[in-house]
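User: I have a model open and want to go through a few local features. Can you take questions as they come?

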Amino acid sequence: MKKTIVFALPLIIIVSLVIIIFGVIQVRYEEDKLMDDLKRKAETVAESLELSAGYVLANNDQAGAQRLVKRFQNKKNIQGCALYDREGKLIAITERFRDWKDEEREYYRDALKNKEASDLLGKFKKIYVYSHIIPVLDDQGKILGMVEMIYDTSYVFARSMDFWRNMIITLVLLVISLLLIAALVLRQMFLVPMRQLTVWFKHFQKGETSKMHEISQKSELGELASEVEQVALSLRVAKKSMAEAATIRLKKDEIWTESKLKDLVNAKLGDSSMVIVSNREPFMHVLDERTGAAKYVRPASGVVTALNPIMRACGGTWIAQGSGNADRQFVNSKDKLGVPPEDNRYILKRIWLTPEEEGGFYYGFANEGLWPLSHITFTRPIFREADWQMYKQVNQKFADSVIEELPAKNAFVFIQDYHFTLLGKMIKDKRPDVTIALFWHIPWPNPEVFSVCPYQKEILDGMLGCDLVGFHVQYHCNNFLETANRLLECRVDNEKNSVVRSGKETLVRPFPISIEGVSRYSVTANEAREIDRIREKYDLAGKIVAVGVDRIDYTKGIVERILAVDRFLGKYPEYLNKFVFLQLAAPSRTKIKRYHDLSDEIERLIEKKNSKYTNGAWRPIIYLKEYFTPEEIKPYYRLGDICVVSSLHDGMNLVAKEYVAAKNDLAGVLLLSKFTGAARELTEALQINPYAIEEFADSLKTACVMPPEEQKRRMESMRKVVADNNVYKWAASIITNLTELQKT
Ligand code: ADQ
């Protein structure tokens with residue numbers, strides 16, 4: 001309707017203006033004409049009465065005067081007659097003008113004085129009247145009195161009103177007709193072909209060429225569709241030759257890079273694209289607290305760190321929760337935007353959750369239930385029925401959104417983490433042809449632990465809807481296979497590492513995640529300046545600096561780390577004033593009480609330990625509780641003589657790999673918890689048990705005294721592992737596994 005009005009509005013305005021101007025002129029003309037008629041009539045009637053009035057006035061015949069004026073009482077139109085004596089005093093008037101006041105009407109005097117007719121348009125009670133007065137003279141030309149004719153003019157205005165009413169009715173009918181015509185024209189010329197074109201594009205976008213009926217319109221729109229078809233054909237041909245070239249390049253045995261992964265994607269995925277789903281989005285738009293301007297940040301999340309480079313290489317669509325307070329400002333009508341914001345390489349589609357949905361799904365079931373359940377760090381998992389219902393609802397919401405994005409064939413979906421255990425099955429129920437992988441970024445517990453979950457069967461069933469389930473390490477794969485074997489009616493194939501449930505097979509594979517690779521360049525001038533600034537700001541010159549970089553999470557062992565630093569300084573006092581532990585800590589999940597309490601506990605503990613040792617300006621622990629960009633973190637890694645990763649349990653832990661990657665001077669020692677996935681790859685790290693505070697403190701001492709040659713040897717070996725097994729290789733093995741599955 002709005003469109004029709006906009007379309008017809010200019011025409012309606014022009015037509016209305018013409019009609020109104022014409023109406024005004026017509027009404028004026030009609031009014032003038034009617035008034036002229038009236039005047040003439042008044043003149044004629046007054047003159048016709050002159051003789052009889054002269055007789056009555058000359059004889060002072062009161063009864064005759066009354067008879068004369070009474071003749072007008074019964075006339076159809078309101079009119080009247082008045083007789084005046086030679087002084088201008090009213091002597092008789094038609095009954096209906098009884099209240100006519102002679103003294104109020106100045107023009108009488110003129111008529112008497114000049115012995116000439118006079119007239120006036122005036123008001124009597126509530127009506128407009130026209131009166132015409134003539135003097136009555138005797139034969140000698142002396143004045144005998146006056147005769148006045150009075151007419152109600154309201155019928156003149158009534159006629160104008162009638163005219164206007166008819167005009168308005170005509171105008172309304174005209175506007176309605178114009179709107180109807182506009183709606184019809186709009187529909188036939190634009191909406192129907194547009195709708196056809198939109199449906200055509202929808203099928204085209206999904207690759208459903210069989211459903212793309214030829215556009216019947218031979219208009220410009222039809223031509224547009226045919227042009228798009230030609231472009232699509234060229235793209236398909238180009239993609240095919242790119243795929244062939246990519247396959248040739250892939251055969252070269254070199255380290256995995258972004259462009260090599262791109263080759264693999266071109267060769268393996270062909271013209272279908274990848275849809276990735278995660279809870280955390282890779283880019284979040286937030287309002288700057290100081291300036292109020294919107295800016296984007298990359299959340300502190302291992303999942304984001306790992307997947308962003310892959311999506312840069314593959315293109316495709318990443319579906320995630322829109323959680324930044326300025327996120328809605330940057331999406332198009334389909335809640336999508338190109339990212340990275342400064343160099344659009346893939347599409348981010350934001351899903352909006354209500355506070356209730358986020359509370360139940362994310363904070364509740366995922367982070368108070370599944371997270372502690374999987375990590376087994378002695379924080380009790382909480383399972384609330386209402387959270388579970390919300391978790392299911394949100395999984396369905398994401399599933400619907402994913403299905404909307406899927407191409408007609410060769411579709412791949414890559415789901416991330418414990419937030420979406422039900423998604424695989426939900427998508428498969430509607431699109432059994434889609435190949436789906438789920439990567440579990442955190443540890444998978446043993447069957448005894450997992451069996452405390454009240455919704456164990458639905459969760460396992462949801463995950464087994466996928467064709468491939470990946471974990472960081474074989475140990476977690478084994479835990480999952482054993483869990484399925486014990487808790488579900490299924491067949492576990494230990495040779496193939498797969499689970500067959502209701503005739504459907506799911507492969508279970510380890511894929512150790514990583515980062516982009518190692519930094520091969522020495523420190524730039526800017527970085528050197530930043531390192532000097534930090535050194536100066538925190539008075540680190542000449543001291544051994546240990547760094548920790550974490551989200552504030554009880555699984556990361558931050559409290560244990562502080563206790564170990566305390567024990568180290570207590571046991572080896574020669575390091576007092578010579579050792580500083582610098583912790584970068586990003587607030588995380590602060591709405592959950594356990595996280596809130598942990599943050600308080602860490603701050604209190606640091607305060608206590610610092611006041612125990614503080615000597616002059618020296619404090620053993622510097623705590624920077626804030627979010628840092630990856631570029632801001634790097635100088636801290638570079639100046640860290642030691643990096644402490646003391647997770648109580650961690651799927652992989654990317655901080656360990658980031659530290660190794662940043663140390664291109666080959667100096668530095670990594671203290672790494674043996675309960676991280678990374679510990680299985682970075683075997684040259686000093687491995688620690690974060691619960692064993694004494695050992696942990698001794699390892700800090702070992703790190704402090706480690707000779708540079710040994711540091712170099714260990715660092716070189718770890719850097720080779722990180723360089724060879726980078727995130728592109730991780731993605732390449734998952735994509736290869738997925739595409740192989742598609743063939744069978
Ligand atoms: P996370 O638990 O988030 O990841 P991790 O792998 O250590 O843990 O990654 C954390 C990321 O956040 C790193 O890239 C780090 O640089 C960044 N970060 C840490 N502190 C920060 C701060 N103060 N400011 C800004 N950024 C900060 C989950 C699993 C891990 C698994 C990853 C990837 O828990 O076991 O390694 O997914 O699969």
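User: Where does aspartate 539 lie?
Analyst: Aspartate 539 is in the loop between α14 (525-537) and β18; helices (H or I, at least four residues) and strands (E, at least two) are DSSP runs numbered from the N terminus. This is a predicted model, where local features need pLDDT of at least 70, side-chain atom pairs count only at pLDDT 80 or more, and totals for chains, interfaces and linings use all residues. Residues are numbered from 1 along each chain as its sequence is written, and side-chain values use heavy atoms, with hydrogens and water left out.

User: What is its phi?
Analyst: Phi of aspartate 539 is near 55°, a positive value in a residue other than glycine.

User: What about lysine 115, where is that?
Analyst: Lysine 115 sits in the loop between α3 (107-114) and β3 (118-124). Lysine 115 has a positive phi of about 55° and a relative accessibility of 43%, which counts as partly exposed.

User: Switching to the ligand: which residues come nearest?
Analyst: His441, Arg551, Phe628, Asp650 and Glu658, of the 28 residues around the ligand. Near means that a heavy atom lies within 4 Å.

User: And which peptide bond is cis?
Analyst: The bond joining valine 339 and proline 340, with omega about -10°. Proline 340 is in the loop between β10 (336-339) and β11 (346-351).

Conventions: Buried < 20%, exposed > 50% of the residue type's maximum accessible area, 1.4 Å probe, protein only.
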